[in-house]
Amino acid sequence: MAENEHVLLRHREIPDLDNLVVYREHNGFKAFEKAVTQMQPAEVTEEVKASGLRGRGGAGFPTGLKWSLIDAKSWPHYVVANADESEPGTFKDREIMEGNPYQFLEGVAICAYAIQAHAAYIYLRGEFWQIAVKLDGQIAAMEAAGLLGQNLFGADYSLKIFTHLGAGAYICGEESAMLESLEGKLGMPRLRPPFPPSFGLYGKPTVVNNVETLANVPPIIERGANWYRTNGTEKSPGTKIFSLSGCVNKPGNYELPLGTTFRHLIFECGGGIPEGRSIKAIMAAGASSSLITANDQALDTPMDYESVPSVGGQLGSASVIIIDDSISIPWLINKTVHFFRHESCGKCTPCREGTYWMSHLTERIVKRTAKTEDVALLYDVASQMRGKCLCALGEFSIEAVRSGIDRFRSDFDLTVGASVVSADQEKLTKDE
Amino acid sequence: MLERKYLAEKYAQEIQAILEKYPSDRRQSAVMPLLYLAQRDKMYVSREDILEIGEILGITSTEVASLIGFYTLYYDQPKGVYRIQVCVDLPCALRGAEKFLTELCDRLGIQPGETTPDGLIAIEPVMCLAACDKAPMFQVQSGAGLTYHENQTVENALSLIEQLRRDAAGRRVAGHERGRDANG
Ligand SMILES: Cc1cc2nc3c(=O)[nH]c(=O)nc-3n(C[C@H](O)[C@H](O)[C@H](O)COP(=O)(O)O)c2cc1C
Ligand code: SF4
Ligand code: FES
């Protein structure tokens, strides 16, 4: 792609793109109009399928395929946009919704048309209260402009979009927990199958897609699947927003073709590691990541759904956290484990108990009160949880633990008998 | 049978708008927005609010109360007029957020999780707020809603806190005068 050409972060070049008039001056809602007036719903789904777009929420599931799985025998259908964005290290959906909200809303509308839904909900994490207020205004502007409501573009199609705020629970980003929460219940995952395309919101067929996934849809419909495939790789087409954070000079969101190397992101875009330190590890999927040892092979690995696993990681939502050589891995996993212990919904025992025990062990390890066998015990607890949890949160919680011990064992040897935290960090952990 | 209609009367329009978002046979979906509505009124959800929300939606107060326990952004106890919630999750911690929190608390003479003696400012460590590239950062929760403050220094934060204290004092005076007018 032309360097700097943004498909998603277009607001960086176009001022006031969050204004409906400006958005429409830049071809806004042309794709939605084209879909409703010139295409059959199934044709829209086919185009998205042909584009090869994969879900940006973490799992990389093919988007067009998901839409085609909607059960046509059960009605009504719903779209639920996942704007929960709570993975530590992820801050891309927020930028889309703040800077280029109409492209996302247009994506919601096109998805709704493709599955013939007449209502769509945007589930935002509660902390995005200000964004929700703005989105409500933008939705109202769309209604006033005849882009939402009855008989859109003179066709026999109607649509309403609503925002819904969560209230501080990471687990509500998991799609089935999100649907429970939207129904006014505790946000706990459902047993699956059935999956949302057959049994979703209120038990009705539902497509759940991430904000970034949906923001990709208008350009696909407007410019076609073949154009879309000119970015990215064969199996991971398109551009992706990489949220770069941690020990790096220029943290931020970078929209790059899938398949760009870690080296390019970290050193060209991110300006490298501060204060002349060197890079030690990469977490490519936020706190849910395993720790990738940052050697040359890893740095030259293309960031796409197939390649990242080859260096022992996952691409996930592409929240790339950089760890430099001043960071102690036990301190790091103590952080991630605390996160997951706090966020475990408690529905199933292996996750509830496992994250509890892991947090005790990592706490002991960073506080120097650990016994030599505690590291092995920690590894054992993590391994016991594998494959036994109801949802992926439990699995996420052990990624950094197991890979940390496997790949940075010497960091743990240091901790049995030597303090790895500064005084103020110790104080903090006590208070949490 | 409960007769309280405090929310129903004070926020009739808002409640109507909330209920219209969901199918008429799926009113329970409105429980989260209604809890926010009640909480904005006085920064926590009271026992009476819980009962009234249950009545509005036709669900038990136990169901409503269980949500408050499950979701971290609802409170059933008053605490601090302003909650300053500092992110100390991994990406922010890699950029000095823990030091920021400790220093801020030291300067205010409290521990993380505590409220200042005047009852106005509570400082709490929280998990990722999707602003990891702009650490240190925090959000401020108050009856007026929720705002983000990014790329912060301890000095910035302290001057914001002074501003919040002035706002609160201003509101107290205004409230007093309203009270006097009503009495007089
Ligand atoms: C614990 C957990 C948290 C998740 N959090 C999010 C999230 O914050 N945002 C998101 O889009 N997907 C999240 N997901 C993935 C969703 O379950 C779902 O796969 C996704 O929204 C589907 O959309 P996509 O196909 O467009 O990626 C999470 C999954 C799990 C297991
Ligand atoms: S794995 Fe954890 S978060 Fe997922 S359902 Fe079980 S207890 Fe809840
Ligand atoms: S880790 Fe602090 S905002 Fe993400």
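Chain B of this predicted model is divided into two domains, domain 1 covering 6-70 and domain 2 covering 82-182. The C-alpha centres of domain 1 of chain B and domain 2 of chain B are separated by 27 Å. In chain A, domain 1 (10-228) and domain 3 (329-431) each contribute at least three residues to the shell around ligand 1. The largest pocket is the space that ligand 1 takes.

**Shell around ligand 1**

- Ligand 1 has 19 residues around it, and those that come nearest are Gly57(A), Asn82(A), Asn209(A), Asn210(A) and Thr213(A).
- Sorted by class, the shell around ligand 1 comprises eight polar, six charged and five nonpolar residues.
- Two secondary-structure elements of chain A, β4 (206-210) and α17 (392-407), each provide at least two residues of the shell around ligand 1.

**Polar atoms at ligand 1**

- A polar backbone atom of Gly57(A) is found 2.7 Å from an oxygen atom of ligand 1.
- The side chain of Asn209(A) places a polar atom 2.8 Å from an oxygen atom of ligand 1.
- For Glu85(A), a backbone N or O atom is 3.2 Å from an oxygen atom of ligand 1.

- On its own, ligand 1 has 610 Å² of accessible area, of which the protein covers 90%.

Methods
Residues numbered from 1 in each chain as written. Chains lettered and ligands numbered in written order. Predicted model: local features only at pLDDT ≥ 70, side-chain atom pairs only at ≥ 80, totals over all residues. Heavy atoms only, no water. Near = heavy atom within 4 Å. Polar contact = N/O pair within 3.5 Å; in protein donor to acceptor, adjacent residues only side chain to side chain. Areas by Shrake-Rupley, 256 points an atom, 1.4 Å probe, with all protein chains shown as cover. 1 Å grid on protein atoms, 1.4 Å probe; cavity = no way out; pocket = protein on both sides within 12 Å on 5 of 7 lines; lining within 4 Å. Sits in = over half its atoms within 2 Å of the grid points. Helix = DSSP H or I, 4+ residues; strand = E, 2+ residues; numbered from the N terminus. Nonpolar A, V, L, I, M, F, W, Y, C, P; charged D, E, K, R; others polar. Domains from an automatic or database assignment.
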